[in-house]
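Thanks for coming. I will take a few minutes to walk through one model, and I will start with a question once it is on the screen.

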Amino acid sequence: SGKSSIQKVVFHKMSPNETLFLESTNKIVKDDINNSSFVQFEIWDFPGQIDFFDPTFDSEMIFGGCGALIYVIDAQDDYMDALAKLHQTVSRAYKVNPNIKLEVFIHKVDGLSDDHKIETQRDIHQRANDELADAGLDNVHLSFYLTSIYDHSIFEAFSKVVQKLIPQLPTLENLLNILISIGLVYELVAESVLREENESSAYDSESSSIIKLNNATILYLREVNRFLALVCILREDNFDRHGLIDYNFHCFRKAIQEVFEVRLKSQQGMLVGTTIGSSDAGSPQSNGMVTPSPTKPVYA
């Protein structure tokens with residue numbers, strides 16, 4: 001049904017056309033996947049003729065430590081026998097390991113029309129779940145995917161399966177959500193500053209802007225000096241103490257001004273010292289200029 005082709009295309013970058021030359025799998029093939037620190041697992045490719053109810057088949061060993069079972073159905077073939085074997089496989093795997101993820105790839109859908117794809121998925125989904133319900137396995141959850149090696153669908157489906165096997169996934173998703181949130185806020189802050197610049201040639205002492213977001217957050221912009229603005233990100237309930245916020249802002253603006261005044265004076269002092277030490281007082285320079293006397297410092 002295309003299991004080996006899926007594995008080669010997704011994890012070994014084989015061209016879909018090259019998979020036409022793959023031989024049928026006649027034994028269990030194991031493949032180590034170590035794409036990153038988050039994705040480390042083994043894929044065991046089983047030949048279709050394996051009987052999971054054969055006494056020589058060690059279900060405990062196979063399914064006991066298995067994270068996910070992917071059952072591949074050829075959508076272009078008569079899938080009634082495949083559905084019967086799906087029920088047997090899922091029943092045995094779930095009995096051994098109730099935590100196993102059960103995934104069904106409805107494969108080779110590239111040759112079907114969109115309506116036929118939807119109808120095939122609906123039919124397989126209903127028949128598979130009805131058989132589980134009749135067997136008293138209502139709590140068994142199957143996930144279904146329409147896949148093809150000739151488009152992105154097989155990569156998307158396998159990605160969703162792999163994500164379920166990453167125990168750190170909730171933490172990673174939370175970090176990504178925080179990153180997106182910070183990026184959006186940064187963009188809003190930048191837009192608020194640019195908007196104020198466009199509305200007037202420069203800031204003045206009364207320049208301000210208040211933007212209320214739909215997540216109970218407020219962006220509060222205030223002028224610090226002619227070319228510097230401060231944008232505060234506040235919770236809406238904290239903005240009720242508007243006077244206190246303004247008082248603290250004025251203290252902040254005053255401190256900023258004092259910092260730059262000290263820096264300016266320091267630069268001026270360095271400029272005078274450099275000029276005086278460049279040559280003897282009153283001696284002519286190569287450019288025709290004369291250095292001032294050390295007893296008469298010059299302030300810019």
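Which residues does Met14 touch, not counting residues up to four places away in sequence? They are Lys8, Val9, Thr19 and Leu22. A contact here means heavy atoms within 4.5 Å. Met14 sits in the loop between H1 and S1. Its relative accessible area is 21%, so Met14 counts as partly exposed. On that scale, buried means under 20% relative accessible area, exposed means over 50%, and partly exposed is in between, with a 1.4 Å probe and protein chains only.

Before going further, some ground rules. This is a predicted model, in which local features need pLDDT of at least 70 and side-chain atom pairs count only at pLDDT 80 or more, while totals for chains, interfaces and linings use all residues. Residues are numbered from 1 along each chain as its sequence is written, and side-chain values use heavy atoms, with hydrogens and water left out.

pLDDT is the predictor's confidence in each residue, from 0 to 100. The average for the protein chain is 81, and 83% of the residues reach at least 70. Over residues 275-300 pLDDT stays under 50, and for that stretch the model has 24 contacts beyond four places in sequence.

Now the overall layout. The protein chain has seven helices and eight strands. These are DSSP runs numbered from the N terminus, with helices being H or I of at least four residues and strands being E of at least two. Of the 300 residues in the protein chain, 32% are buried. If we take contacts between residues at least 6 apart in sequence, 53% of them join residues at least 24 apart.

How many of the ten residues of H1 are buried? Seven are, and H1 is mostly covered. The buried ones are Ser4, Ser5, Ile6, Gln7, Val9, Val10 and Phe11. They pack against S1, strand S2 (40-45), S3, S4 and helix H5 (153-164). After H1 comes Lys13, with a positive phi near 55 degrees.

The loop that holds Met14 is also the place of Phe21, between helix H1 (3-12) and strand S1 (29-34). Phe21 has 72% relative accessibility, so it counts as exposed. Together with Leu20 and Tyr150, Phe21 forms a nonpolar patch on the surface, with about 410 Å² of accessible area for the three together. Accessible areas come from the Shrake-Rupley method with a 1.4 Å probe, and for residues only the protein chains shown count as cover. A patch takes residues with over 30% relative accessible area and no salt bridge, joining like charges within 9 Å and nonpolar side chains (Val, Leu, Ile, Met, Phe, Trp, Tyr) within 5 Å.

Next, the inside. In soluble globular proteins, nonpolar side chains tend to be buried together. A nonpolar core is a set of buried Ala, Val, Leu, Ile, Met, Phe, Trp, Tyr and Cys residues joined through side-chain atoms within 4.5 Å. The largest one here has 30 residues, and Phe63, Ile73, Leu86, Val140 and Leu142 have the most contacts inside it. Two or more residues each come from helix H2 (59-64), strand S3 (68-74), helix H3 (80-96), strand S4 (101-107), helix H4 (114-134) and strand S5 (142-146). H3 gives the most to this core, six residues. Leaving out residues up to four places away in sequence, Val140 touches Val90, Tyr94, Leu102 and Leu132. Another core, of 19 residues, lies apart from that one, and includes Val10, Ile149, Val161 and Ile166.

Last, the charged pairs. A salt bridge is a side-chain nitrogen of Lys or Arg within 4 Å of a carboxyl oxygen of Asp or Glu. A search of the whole structure finds nine.

One of them joins the side chains of Glu119 and Arg122, at 2.6 Å from N to O. Both residues lie in helix H4, three residues apart, about one turn of the helix. Glu119 is partly exposed because its relative accessibility is 39%, and Arg122 is partly exposed at 40%.

Where does the pair Arg222 and Asp246 lie in the chain? Arg222 is in strand S7 (residues 217-225) and Asp246 is in helix H7 (residues 242-276), 24 residues apart, so to speak a link between distant parts of the chain. Their side chains meet in a salt bridge of 3.1 Å, N to O, and both residues are buried.
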